[in-house]
Amino acid sequence: MSEKIYLGASLEKSIPILSKNMIIPFIMVAILFPLWGFANDVTNPLVKAFKDIFLISNTQSSMVQFAFYLGYGIMAIPAAIFIRNFSYKAGILLGLILYAIGAILFIPASITMEFNFFLAALCIITCGLALLETTANPYILSMGHKETATQRLNLAQAFNPIGSLTGMFVASTYILNKLQVEEFRAAERSAHPEYAEMLPTVVDGKLTAALQHFSATNPVEHQAMQAADLITVRGPYVAIAIVVTLLFVLFLFSKLPNTMSHDHPLTKKELKETFKRLFQNKQYLEGVVAQAFYVGAQIMCWTFIIHYGMTVVGLTAAQAQNYNIIAMAIFLLNRFICTFILSYIRPGKMLMLLACGAITFTFGAIFLDGMIGLYSLIGVSACMSLMFPTIYGIALQDMGDDASLASAGLVMAIVGGALMPPLQAYLIDSSPIIVSIPSVQTSFMMPLICFVVIAVFGYRVNSIHQPLINKCQ
């Protein structure tokens, strides 16, 4: 037993999460998890940044999230087939290549100053991320006993917020704080002391109008400001391209254990039979739906917290992003706490309780004003901390070699992050759902609906699916 690592007990008996021979492979694969956390959260603030840089609407700027998460929908299934026909290592290497290519494309995008070029680069990045996630999640699940698979994935996923926090810090310090468009907005505030007496939503509209007037009356100066800001935006992406390239070299020359039981490529017949089994698995299908709604909720809460802080509270973009960092820190801390609690509470029940907490905090963000509403929005992150890996682990329970294709469905569900933010952005641009409440606040009805769906899934897993599985066993 001295060669085992115990990070918690299962519900019935103490089972090792990792054996000694899997420690190094686990660490290597876990290193990948911060990569998509960084990409996600250095990109989220670009929705607001690009809105001001390119002078477009919230709906148009939300295409950043659409393009970013579209890559998951495009690549997830091809990624799973590629991994099944080759290996987990091959999936990691190809994912890192695509990630690096997409990041380095920010250089020509910033030179041409084309918004659509940035969207294409982001989509290529997430094609790489889809490969990495489709590979890393089932690989981690396969590195030990099935009874501890969800705990093992939660442990690996705990490294993801480290990348997210880094991405948020970089976005706040090296992007939002350096943008000339933010300096313009600050100068306008200083020039109009009467803005201090106005509602933040009114002030935000006046600052946007002033920026549009500046672009019309001083086109050359405005274009120079745009060029400088786009160079600022590209910096972190060039840096991450270098890091990802170095990781590619590390994995290329490393030996990773093959935990797949098959020894032949996937045939068309096997592919058809696998899909048939997946479509007959209600717990899995509901898990895919729940994952789509979760990712949509997460991206909406973390993207539009900047809009919330600026228009409801009156913060600058950098100040609002700092509260996003606080939310992520709480998310990270609570993930470790909840991973421990998961040793004593079944995953379905834990998911249901967390979703109910998120529903309560989202109501606060909608109906409470000022900083109290912002704090409520931050509180949602505490409840989201364990949702993604818990849904993932529940959906892939007892999948065996079907896990790679099943994982692809769950990764493809991340496309919820492409579809839902534009809907919330449209609600922000539209008249408020509740007349007396600003549209930014009422737009959080979207993530509220998502958390209701997740709560229902958690209830069904705990009360219907798991009892049925246990009875059959």
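Q: What makes Glu 182 buried or exposed?
A: Glu 182 has a relative accessible area of 14%. Buried means under 20% relative accessible area, exposed over 50%, and partly exposed in between (1.4 Å probe, protein chains only), so Glu 182 counts as buried. Before we go on: this is a predicted model, where local features need pLDDT of at least 70 and side-chain atom pairs count only at pLDDT 80 or more, while totals for chains, interfaces and linings use all residues. Residues are numbered from 1 along each chain as its sequence is written, and side-chain values use heavy atoms, with hydrogens and water left out.

Q: Why are Arg 185 and Glu 182 called a salt bridge?
A: The rule asks for a side-chain nitrogen of Lys or Arg within 4 Å of a carboxyl oxygen of Asp or Glu. The N to O value for Arg 185 and Glu 182 is 4.0 Å, so the pair is a salt bridge under that rule. Both residues sit in helix H11 (residues 180–191), 3 residues apart, about one turn of the helix. An α-helix has 3.6 residues a turn, so residues three or four places apart point the same way. As for what counts as a helix here, it is a DSSP run (H or I, at least four residues), and a strand is a run of E with at least two, numbered from the N terminus.

Q: What does Arg 185 do with Asp 204?
A: Their side chains also meet in a salt bridge, at 2.7 Å from N to O. This pair links distant parts of the chain, with Asp 204 in helix H12 (residues 200–217) and Arg 185 in helix H11, 19 residues apart. Asp 204 is buried at 11% relative accessible area, and Arg 185 is buried too, at 4%.

Q: How do you know that Glu 286 and Arg 460 pair up?
A: Their closest N and O atoms are 2.9 Å apart, which gives a salt bridge. Glu 286 is in helix H15 (residues 282–303) and Arg 460 in helix H24 (residues 445–472), 174 residues apart. Arg 460 is partly exposed, with 25% relative accessible area. Elsewhere, salt bridges that share partners join Lys 48, Asp 52, Glu 182, Arg 185 and Asp 204 into one network. The count by this rule is 5 salt bridges.

Q: Why is H19 called largely enclosed?
A: Because 11 of its 15 residues are buried. Among them are Gly 373, Leu 374, Val 380 and Met 384.

Q: Why is Gly 314 called partly exposed?
A: Gly 314 has a relative accessible area of 29%, hence the label. The residue lies in the loop between helix H16 (305–313) and H17.

Q: How do you know that the protein is as compact as a globular one of its length?
A: The protein has 24 helices and 2 strands. Its radius of gyration is 23 Å, close to the 23 Å that the globule rule gives for 473 residues, so the description holds. The radius is taken over C-alpha atoms, and the rule is 2.2 Å times the number of residues to the power 0.38.
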